[in-house]
Amino acid sequence: MIAPHAIQQVKEAARVEEVVGEFVALKRKGPRFLGLCPFHNEKTPSFNVSPNLGIYKCFGCGEAGDSITFLTKHEHLSYVEAIKWLAKRYNIDLPEEEQSPEQQLEQSERESVAVVQQWALNWSVEHLWTTDEGKRIGLSYFHERGFSDATIKTFQLGYVPEQGNAFATAAIANGFNPDVLEKAGWIKRREDGTPWDFFSGRVTFPILGLSGQPIGFGARTLKSDKKFPKYFNSPESVLYNKSRSLYGIHHAKKSIVEQALCYLVEGYTDVISLHQAGITNVVASSGTSLTEDQVRLIKRYAPTVSILYDGDAAGMKASLRGIDLVLKEGLNVKVVTFPEGEDPDSFAKSHSSSEVTAHLTDNAKDFLVFKAELLMADSGDDPVKKAAAIHEIVESVSLVPDLVLRSLYIQQCSRLLQVNEQALISEMNKVLRKQYRKKLGGDGQVHEEVSRPELAPAQPLFKDLGTLPRERELLRILLAFGHMKIVVPFATEENTTVEEEMSLAEAMFDILATDDLLFDEPIFKEIYLDYRHARNLGVEINATTYVSHLREDWQKWAIDLLTEKHPLSQNWIERHRIPTKRDTTDLLNTLTLEIDGWKLKKVMALLEALTFEIRDATYEDAVILMKKKRQYELIRKSLADLKGTVVPS
Ligand SMILES: [Zn+2]
C-alpha cells in the first residue's frame with residue numbers, strides 16, 4: 001500500500017506531456033501537443049495531450065485519461081505500478097504503508113529472485129563469450145544457427161557449463177541462498193542436499209519482463225540424445241508467470257506499437273531470426289499455448305496479431321480452438337503459413353529481409369477465412385462433417401465482439417462455405433443464445449418453446465425535446481470554469497445594484513436552487529451534486545479534479561466535456577489566463593443564457609406532456625392541469641423573450 005498523500009504528490013508532479021512523450025512522438029501545437037495515437041492505427045495525428053488539464057484524448061478512437069490511465073493502458077501496469085513508475089520518473093520517495101508479514105515476505109522474495117536472475121544472466125553471458133567451453137559449444141551453436149554476434153548480444157544469450165554444479169558453486173560462493181537459487185529455477189538439490197545446475201550444458205535464452213529485467217529463462221540442450229527434453233524453462237516464481245509473459249516483448253513492444261501489428265511465433269529462435277531479418281514486432285508464447293493474459297498483453301500494444309504457423313494441417317487444426325480466445329478479446333487475427341518444410345526461423349535465414357517481409361504481408365489470411373477453408377477442405381463431400389465444420393466456424397464468429405465485423409464475417413463465410421447467409425445467421429443466433437444462457441448460469445440448453453416474442457418497447461409519454469445537449473453544456477461550463485471568480489450584480493431594495501464576487505460554480509448553484517432545478521441525466525446529476533457537496537465543504541475543485549477521478553465513468557465524461565471543440569472557452573482554460581472584467585461578464589452571460597435555454601427546453605417538454613395528460617384526464621383533473629399549463633406557457637413566453645426567440649403559442 002502506498003500512502004494517499006504520496007499518491008497525491010506523484011499525481012501533482014507528473015506532467016502528462018512528459019509521461020506520454022516517453023512513448024509517443026508529440027509535437028507542440030499551441031497550448032496542446034499532438035501525435036499519432038498509440039491505441040489505434042492512424043496516419044494523421046488525432047491524439048491530443050493537454051498539459052493544463054493533465055489529460056490526453058484521441059479524437060479518433062476515443063481513448064482518454066490522465067498520466068496514470070496512460071501507463072495502465074499503454075504499459076500494461078496496474079494502478080500501483082503506475083504510481084511507482086511515476087515516482088521513479090520524478091524522483092519521489094514513496095513511503096509504503098505497513099505491509100502484512102505475508103506481503104513483506106513476498107516482496108523480499110520477489111526482490112531476491114530478481115537479483116538472482118540478473119546475476120545469473122550476467123554469469124551465463126560471460127560464460128558464453130569468455131570460456132573455452134562456452135565459445136566452443138555455445139557460441140558456435142548460435143553461429144551455426146546463423147545468429148550474428150550483435151543478435152546474440154541483443155538477446156543476451158548465454159551458456160551454462162556441462163560440469164554439473166559450476167553455477168551452483170559460483171552462486172553460493174557469491175553469497176546467494178540456495179533456497180532462493182532453487183526458487184529462481186537455477187539449481188535443484190539431491191536428497192543429501194547437494195545442489196546441481198538445472199541448466200547445465202545448455203544455452204540460455206533469458207525471458208525479459210516489459211521493462212527489460214530478466215524474469216525467467218529458457219534453456220536448450222545441445223545434445224542430440226532424445227532422452228532429454230530439448231528445452232527446459234524456469235519454473236514459475238513470484239517473478240515469472242508463464243501465462244502472462246511473452247518472449248521478446250521487451251524488444252518488440254516499440255515496433256508493435258509503430259506498426260500496429262504483432263507477429264506471434266512458437267519458439268525463441270523464431271523470434272530471434274525474424275528480429276535479425278529486420279522484423280522486430282515479434283513475440284513468442286514461451287512454453288505454453290496462447291493464454292488470455294497474453295492476448296490482453298498484445299492488445300495493449302496493437303489491434304492486430306498475425307500468427308505464423310509452421311505446422312502441418314493436422315497440427316494447425318488442433319491449435320485452431322486456442323485461437324478462438326483471441327477473437328473473444330476483439331483482436332484482429334491473421335494467419336501466415338509457410339511452404340512445406342519451412343518454419344519462420346528457417347525461412348528468415350534462407351530469404352532476404354524484403355522477401356520475408358513480402359511473404360508475411362502477402363500471405364496473411366484472415367483467421368476465420370483460414371479456419372473455414374481448412375475445415376471445409378477436411379470435410380470434403382461428407383455432409384455430416386460439413387455441418388459440423390459450419391457449426392464450428394459459426395461458433396468462432398459468434399465470439400467476435402464487434403457486431404459489424406461479425407456480420408461481415410457471416411457474409412464472407414456464406415460465400416466460402418456456400419451456405420445461405422440467413423441460415424448462418426440463425427445458426428449463430430442459436431449459439432449466441434446458448435452462450436447467453438450459460439452466462440446466466442443456466443444449463444446452456446436452448447428451450448425454443450418457452451421463449452416468448454419480445455414485447456414492443458413502451459411508447460414514451462412525450463418525445464425527448466433535447467434537454468441533454470443543454471445539460472451537457474451546463475456541466476461543461478461548471479467543470480471548466482466553476483472555479484473562476486466572476487462578479488455578479490444584485491438588485492437592492494433601493495433599486496440600485498451591488499456587485500458581489502463569487503465563483504461561477506456558486507452563481508450556478510444559486511440560480512439552479514432558486515428554481516429548484518436539477519440535471520435529468522443521472523450521471524450529470526451525480527457529478528453536479530458531488531461538485532456542489534465538495535464546494536460546500538470548502539474543498540478546492542477545478543477542471544482537473546474530475547479528469548483524474550477514480551470513478552471511471554465520471555472521468556470519461558469529464559474528459560469528453562472538457563475536450564469538446566469549443567474554441568472560445570477552451571482557450572481560456574488552456575492559456576490559464578486571468579479573466580478580465582469583461583470575460584467574467586461574458587461568463588455570467590453565457591451561464592445565464594445556457595440555463596435559460598435549458599429551462600425553455602424543460603418547460604416545452606413539460607407542456608407537451610401536459611397536453612397528453614389533459615387529453616386523457618377527467619374533467620376535474622383537466623381543469624387543474626389547464627391552469628398548470630397556462631403557468632408554464634407564461635414561463636415559456638418570458639424565457640423565449642429573454643432569448644429573443646419567437647415561439648409559436
Ligand atoms: Zn486513437
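Modeller: Buried means under 20% relative accessible area, exposed over 50%, and partly exposed in between, with a 1.4 Å probe and protein chains only. This is a predicted model, in which local features need pLDDT of at least 70 and side-chain atom pairs count only at pLDDT 80 or more, while totals for chains, interfaces and linings use all residues. Residues are numbered from 1 along each chain as its sequence is written, and side-chain values use heavy atoms, with hydrogens and water left out.

Colleague: Is D345 buried or exposed, and how far apart are the closest N and O atoms in its salt bridge with K349?

Modeller: D345 has 2% relative accessibility and therefore counts as buried, whereas K349 is partly exposed at 38%. Both residues lie in helix 14 (residues 344–350), four residues apart, about one turn of the helix; helices here are DSSP runs of H or I with at least four residues, strands are runs of E with at least two, and both are numbered from the N terminus. A salt bridge is a side-chain nitrogen of Lys or Arg within 4 Å of a carboxyl oxygen of Asp or Glu, and for D345 and K349 the closest N and O atoms are 2.5 Å apart.

Colleague: How many residues apart in sequence are the parts that E109 and K183 tie together?

Modeller: The side chains of E109 and K183 meet in a salt bridge, with an N to O distance of 3.7 Å. E109 lies in helix 5 (residues 101–130) and K183 in helix 9 (residues 178–183), so the parts that the pair ties together are separated in sequence by 74 residues.

Colleague: Which helix holds E594, the salt-bridge partner of R470?

Modeller: The closest N and O atoms of R470 and E594 are 3.6 Å apart in their salt bridge. R470 is partly exposed at 21% relative accessibility, while E594 is buried, with a relative accessible area of 17%. The pair links distant parts of the chain, 124 residues apart, with R470 in helix 20 (residues 468–481) and E594 in helix 26 (residues 581–616).

Colleague: Which backbone oxygen does the side chain of R202 reach?

Modeller: R202 lies in strand 9 (residues 202–208) and counts as buried, at 3% relative accessibility. Leaving aside neighbours within four places in sequence, R202 is in contact (heavy atoms within 4.5 Å) with residues including Y159, F228 and P229. At 2.9 Å, the side chain of R202 reaches the backbone oxygen of P229.

Colleague: What is the order of the strands in the open sheet of four strands?

Modeller: Strands of a sheet pair through backbone hydrogen bonds, either parallel or antiparallel. Two strands pair if DSSP finds at least two bridges between them, and strand 9 pairs with strand 10 (residues 214–221) in the antiparallel sense over seven bridges. The open sheet has antiparallel pairing, and its order is 6-9-10-11.

Colleague: Which strands are the edge strands of this sheet?

Modeller: An edge strand of this sheet pairs on one side only, and this applies to strand 6 (158–160) and strand 11 (231–233).

Colleague: At about what angle does helix 5 run to strand 6?

Modeller: Axes are lines fitted to C-alpha atoms, for helices over the stretch in contact, and angles run from 0 to 180 degrees between N-to-C directions. Helix 5 lies across strand 6, strand 9 and strand 10, and its angle to strand 6 is about 90 degrees.

Notes: A polar contact is a pair of N or O atoms within 3.5 Å; within protein, one must be able to donate a hydrogen and the other to accept it, and residues adjacent in sequence count only if both atoms are side-chain atoms.
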